[in-house]
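My notes follow the order in which I looked.

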Amino acid sequence: MNKKKQRWRCLRWATPTLKGRFFSQISRYKQSDFIVKRLDSSLILAVLLFFLSVGGVLVTTQVWASTAIVQTQQEPLQLVEQGKLLYQNRQFAQALTVWEQAAAAFAAREDKLNQAMALSNLALTAQQLGRWEQAKKAIATSLNILQTQPKTLERSQILGSTLDIQGQLQLAVGESEAALATWQQAAEIYQNLGNQNAATKNQINQTQAMQDLGLYPMACKTLLKTLELDHQKCQITKEELQTWKKRFVNKGNSSSLNILALRSLGNVLRVVSQLEQSQMVLFAAGQLAEESADSQNFAATYLSLGNTARSLGNRKIQLETPKEEPIVLTQSLDCIQTASTANAAQLYQQAATCYRQAELSTSSDIKRQAQLNRFSLLVQTQQWSELPTLLSEIKSSLNDLSVSHPTIYAQIKFAQSLMCLQSRMSKNSSNALSPVLQLCSFVKNPPPSIGLKTLESSKISSWPEIGQILQTALNQAQQLGDKQAEADVRGYLGGVYQQMGKLAEARQLTEQALQQKSSFNDSSITYIWQWQLGRIYQTQQDQKSALKAYTLAYETLQSLRKDLVGINPEIQFTFRDSVEPVYRELVYLLLQPLGFQQIKQTKINQENLKQARDVIEALQLAELTNFFREACVTSQPQPIDQLDPNAAVIYSIILPDRLAVILSRPQKPLKYYATPLKPNSQPEEVGEVERVYNDILTGFSRYIQSSNLDSLRPQKIFYDWLIRPVEAELEKDDIKTLVFVLDGVLRGVPMSALYDTQKQKYLIEKYNLALSPGLQLLYSPSLSPNKLQTLVGGLADARQGFSKLPGVEEEVREIAKIVPTEVLLNKEFTRSRLKVEINNLPFPIVHLATHGQFSSQAENTFLLTWDGRINVKELDQLLQARDRPGRSPLELLILSACETAAGDNRAVLGLAGMAVRSGARSTLGTLWSVADESTVELMNKFYSELKQPGVTKAEALRQAQLSLLRSPNYRYPYYWAPFVLVGNWL
């Protein structure tokens, strides 16, 4: 995986990380943690004092002076003590002046080590004010001085802490990779010094940079090592966590660093979607903090627990069937309690309780962050009656803050929540919205929402008032010379002006934000402003400029694709609103007919068609990356049209006004066609494509067996949309195989069952069919009939609440009669046994006849074994032996008894995820739960066809499906249509 990563700095809930701009320093640390060494009396040497950040778990280093001082050095000592006190009291501007004086005083005395110490603290203080260039200059000067000094113990101590400060600076300005390298350099110094305490703090800092780089497994592993927990992977079971929790709690391992490391681990687990595990780790951290009376860590843990509970609620809301009763957050729940069976409303209530507890903190920073998080939660869940009081408290809190870098970003966060609130109260067309509002997420509460009238009559900030909050932040950023903050404020302010309809001002501010952003190594939030600029141009009817801006936004996202996991921890919840629209809106512009053309006309130039095809592909891969929360395609693929001269690829993308389709054939120009879609009469109404999709699924039931034209209507509609416009070209070009790159709910449509009413044939009767996540896929020749060794795993007995699969035993027996087979059935079908067999022999085919589920959530996509479940994320670990040098790859993975999650229209993404994660060249799966008897017959025919020379996988599956279609018992689509081949069809 490419480790040269950028981070995503979209402002979200105030998840308090340094990079999220909501970090803060705890004002005091235990006096016992001062390291005071009496050394040569002619020197004032470094003392390390670490401040702990609230949520990002960054450990900030300061270098203080020793108390061993001669009388002539009284003036510098007083400056050092004064600078320390001012910093602790968050009077950063005054502290900065004092550190400048201290550095000059030490320089006048040619006291190089203490000059370096003062400069390092100056750099740290300048960071708090957002004066990045001054901080860089000071830290560089400090390091240059230290390089010229003899390599003594004292010099090493100061150098280590100075490198820690430099790492913090690099992280703050988007140089995460450099920060990691700097902290690793400091770690070597601490190791040589034998300073375990400093080394532990340094490791915690390293994990923050790793998270910013999207290297969550590495961050998790580092934290586990820091906590002396032996575990190689971040896939941690709940049972293991219970054991670890007892170890920490029973042994009283309640040092602030242990608590801090646990909290950091909990935050990492939340980001990688191990939400229950995150909650358990944070419970342990909270219990230890409470036992040790560590009030600051305790409050900060409440903050993290609130974020995890909120994430759990978001996940629940995606999977639960919408309910009529509104969510009300008035019930008081215990923050530190497991609620595995809780519904979304209870989890949101738990989050609100945690935030309220954190608001009781004596730390103004923790209190403010908790208030901001709770405010955004109330907006998300539409708790209108609670908003006015909290709104007043936040305004008062922000007005009392001194000017600093964190203060500016607190105001931005507040303004963003107010923008979400205002957008919820007003109606705008999607393209008129600022993309900032795409980051808003709302739980569907049935109208009328509670307290709405109270909200409307209260003094909720209007758009001009929100603009004034941001203008104040802009003035402060300019006052501090904080160019990075200034750029971000301008972007948000541009969004406010866009909502007010002042497009000229909005465009100017957004362009200024992009210009300033270009000087920073920070391409993450940049895409938001590029997208915003594109929408502004589109509203102004400047299509050429809009296309240019959208293309830049797309290219920025492409550079971040492998880092989609390293962005907003809630991006999986907001992906469809905050990332996906960029791709769709760009395709919309690329495929926009000229003014005199109708939607159905197809005069789109080839350059635009090729770019649109690439964007559709990129969206497919972005969805898979988001599904796994890590880069999922690392092999070197080959273009489809170089693999098979008789294959055509059909790309589809659902746009607001049309279903757009691009046909790609070898050595032929791309062909575009589109079908106008009926506009929705209501904003929440299901679109036309989804309505037909729902109709087609309703008809696929073993209890509804009809072949009259009325029952075939949905299949006919999809055929007319996708195939009819190009069927003449397909026949003329002698196309044998159709490969579909499908979008949205179309992935769940069985292409084999599309029906041509003119010729009265299903599509499977005319073509071999396959699905693909994109134009590029892993090359593989056709399977040799003499090399069909198959490993079959089967579960016929009822296990873990799943019913019996009586046909599995017969399915396994029949396969064994056709191809060489190693069978693992029932009790033998365990995870460990499966791994052993895969390691022992290079089976080209792995056939798993067991219950399984495909879901749009990776956590709910799994296969059942006798002793547990194999989650989709674990497949690569199970099959990792296939990647060893000299081992043949897995050619075909067959999943013959899986089904898609009920009520999840995007569940087929789980099938694509299973296909990609397994590393198999091809995957044969099912779109719904299939009948045992018909599956046995289909698999029997499939393997028999696969043994024939020159028969491809797609052809073998087609013949197997046709055998059922022509059978009087199984001729209805319910029996044969759900089987789909994903990936390489040869």
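These entries go from the whole chain down to single residues.

**Ground rules**

I am working with a predicted model, in which local features need pLDDT of at least 70, side-chain atom pairs count only at pLDDT 80 or more, and totals for chains, interfaces and linings use all residues. Residues are numbered from 1 along each chain as its sequence is written, and side-chain values use heavy atoms, with hydrogens and water left out.

**Whole chain**

I found 35 helices and 21 strands in the protein chain. Both are DSSP runs numbered from the N terminus: helices are H or I with at least four residues, strands are E with at least two. Of the 986 residues, 63% are buried. Buried means under 20% relative accessible area, exposed over 50%, and partly exposed in between (1.4 Å probe, protein chains only). I then took the contacts between residues at least 6 apart in sequence; 72% of them join residues at least 24 apart. Contact here means heavy atoms within 4.5 Å.

**Confidence**

I checked pLDDT next, the predictor's confidence in each residue from 0 to 100. The chain averages 81, and 79% of the residues score at least 70. Strand β1 (residues 46-52) has the lowest confidence, with a mean of 26, while helix α34 (residues 953-965) has the highest, at 97. Residues 64-72 have pLDDT below 50, yet the model gives this stretch 29 contacts beyond near neighbours in sequence. Residues 564-570 stay under 50 as well, with 27 contacts beyond four places in sequence.

**Helices α7 and α8**

I looked up how α7 (residues 196-212) packs on α8 (residues 216-226): the angle is about 165 degrees and the axes are 8 Å apart. Axes are lines fitted to C-alpha atoms, for helices over the stretch in contact, and angles run from 0 to 180 degrees between N-to-C directions. The two helices are therefore roughly antiparallel, a label for angles over 145 degrees. Residues of α7 in the contact include Thr200, Gln203 and Met210; those of α8 include Tyr216, Leu223 and Lys225. By class I count five nonpolar, six polar and one charged residues. Ala, Val, Leu, Ile, Met, Phe, Trp, Tyr, Cys and Pro are nonpolar, Asp, Glu, Lys and Arg charged, and the others, Gly among them, polar.

**Helices α22 and α24**

I turned to α22 (residues 543-560) and α24 (residues 580-590), whose axes come within 9 Å and cross at roughly 145 degrees. Among the contact residues are Leu547, Tyr550 and Leu557 of α22 and Val582, Leu586 and Leu589 of α24. This contact has eleven nonpolar, three polar and one charged residues.

**Single residues**

Is glutamine 422 buried or exposed? Glutamine 422 counts as buried because its relative accessibility is 13%. I place glutamine 422 in helix α16 (residues 405-425). Beyond four places in sequence, glutamine 422 contacts Ile460, Ser461, Ser462, Trp463 and Ile466.

Glutamate 731 sits in helix α28 (residues 727-732) and is partly exposed at 44%. Glutamate 731 touches Lys759 and Tyr767, residues up to four places away in sequence not counted.

I also noted positive phi values outside glycine. Alanine 293 has phi near 55 degrees, lies in the loop between α11 (275-291) and α12 (295-319), and is exposed at 66%. Glutamine 760 has a phi of about 55 degrees, lies in the loop between β8 (755-756) and β9 (761-762), and is exposed at 58%.

Note on methods:
Angles under 35 degrees count as roughly parallel, over 145 as roughly antiparallel, 65 to 115 as roughly perpendicular and the rest as oblique.
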